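Please open the structure in your viewer and keep the selection tool at hand. The tour below goes stop by stop.

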Amino acid sequence: MAHASILIVDDEKNILSTLSRALRVEDFDVDIGFGAVRVSPDALGLIQYSSGSTGVPKGVALRHRTLVSNLKANACGVDLVPEDVCVSWLPLYHDMGLIGSYLGLLHCGGTGHYLSPLTFITNPLSYLRLIHTTKATHMQCPNFAFRLCVKRYTAASKKNPDQKWLDLS
């Protein structure tokens, strides 16, 4: 597994400047009493529940083989490398959040910065600010979220046209 660091941001405050460094997975020295666990590729990895948007909600069993294949395909598709920076607000129960933002980062390495969904919904500009301040290379969210960000940014720019704080280059 690649090295990954994850920082969870629960509000709009810039807590990045108050931390000497982000915690890394290897910072947690926990002895759980057994070594590496061998798991069959065909063993159940997780059960993902569908929203039911195209039918009746139901649980879908994902085998380790399928999950790892999906993670590899996603990483290849977006050229994820350990130097990348991911920003997301998606919850773990959302497939784009769990697989795209969290497990994908743990699989490939990189740095993750995460807002709570409530912070995003109440202040979408906090998401854009986090993308800007962390110089994020990857963001995962549904289309409606980007539309909401554009709407709020446009409104904020009209109120204060001299404030140009956003650089997504």
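A residue is called exposed here when its relative accessible area is over 50% and buried when that area is under 20%, with partly exposed in between. By that cut-off Lys 135 is exposed, because its relative accessible area is 64%. Keep in mind throughout that this is a predicted model.

**The whole chain**

Start with the protein chain in cartoon view. The chain contains five helices and six strands. Followed along the sequence, they come in the pattern β-β-β-α-β-α-β-α-α-β-α. Of the 169 residues in the chain, 31% are buried.

**Two loop residues with positive phi**

Select Lys 135 first. Lys 135 sits in the loop that runs between helix H4 (124-134) and S6. The phi angle of Lys 135 is near 55 degrees, which is positive although the residue is not glycine. Most residues other than glycine have a negative phi.

Now move to Asp 79, in the loop between H1 and strand S4 (85-88). Asp 79 is also a residue other than glycine with a positive phi, near 55 degrees. Is Asp 79 buried or exposed? With a relative accessibility of 58%, Asp 79 counts as exposed.

**The salt bridge**

How many salt bridges does a search of the whole structure find? The search finds one. To see it, show the side chains of Arg 65 and Asp 42, which meet in a salt bridge at 3.1 Å, N to O. Arg 65 belongs to helix H1, while Asp 42 is in the loop between strand S1 (4-9) and S2, so the pair ties together parts of the chain 23 residues apart in sequence. Arg 65 has a relative accessible area of 47% and is therefore partly exposed. Asp 42 is partly exposed as well, at 48%.

**A nonpolar patch**

Next, switch to a surface view and select Leu 44, Ile 47 and Tyr 49. These three residues form a nonpolar patch on the surface, and together they have about 330 Å² of accessible area. Ile 47 is part of strand S2, residues 44-49. Its relative accessibility is 46%, so Ile 47 counts as partly exposed.

**A buried leucine**

Go back to cartoon view and pick Leu 105 in helix H2. Leu 105 counts as buried because its relative accessibility is 5%. Leu 105 and Leu 71 are 34 residues apart in sequence, and their C-alpha atoms are 9.2 Å apart in space.

**The second largest pocket**

Rolling a probe the size of a water molecule over the atoms shows where empty space is left. The last stop is the second largest pocket, with a volume of about 160 Å³. The pocket is lined by 13 residues, and those closest to its centre are Asn 74, Val 78, Leu 80, Gly 100 and Gln 140. Select these five to find the place in the viewer.

Which elements each supply at least two residues of the lining? They are helix H1 (64-77), helix H2 (95-108) and strand S6 (138-139). H2 gives the most, with five residues. Colour the lining by class to finish: seven of its residues are nonpolar, five are polar and one is charged.

How values were computed
Residues numbered from 1 in each chain as written. Predicted model: local features only at pLDDT ≥ 70, side-chain atom pairs only at ≥ 80, totals over all residues. Heavy atoms only, no water. 1 Å grid on protein atoms, 1.4 Å probe; cavity = no way out; pocket = protein on both sides within 12 Å on 5 of 7 lines; lining within 4 Å. Points joined across faces, edges and corners; volume = space filled by probe spheres on them. Helix = DSSP H or I, 4+ residues; strand = E, 2+ residues; numbered from the N terminus. Nonpolar A, V, L, I, M, F, W, Y, C, P; charged D, E, K, R; others polar. Patch = residues over 30% accessible without salt bridge, like charges linked within 9 Å, V, L, I, M, F, W, Y side chains within 5 Å. Areas by Shrake-Rupley, 256 points an atom, 1.4 Å probe, with all protein chains shown as cover. Salt bridge = Lys/Arg side-chain N within 4 Å of Asp/Glu carboxyl O. Buried < 20%, exposed > 50% of the residue type's maximum accessible area, 1.4 Å probe, protein only.
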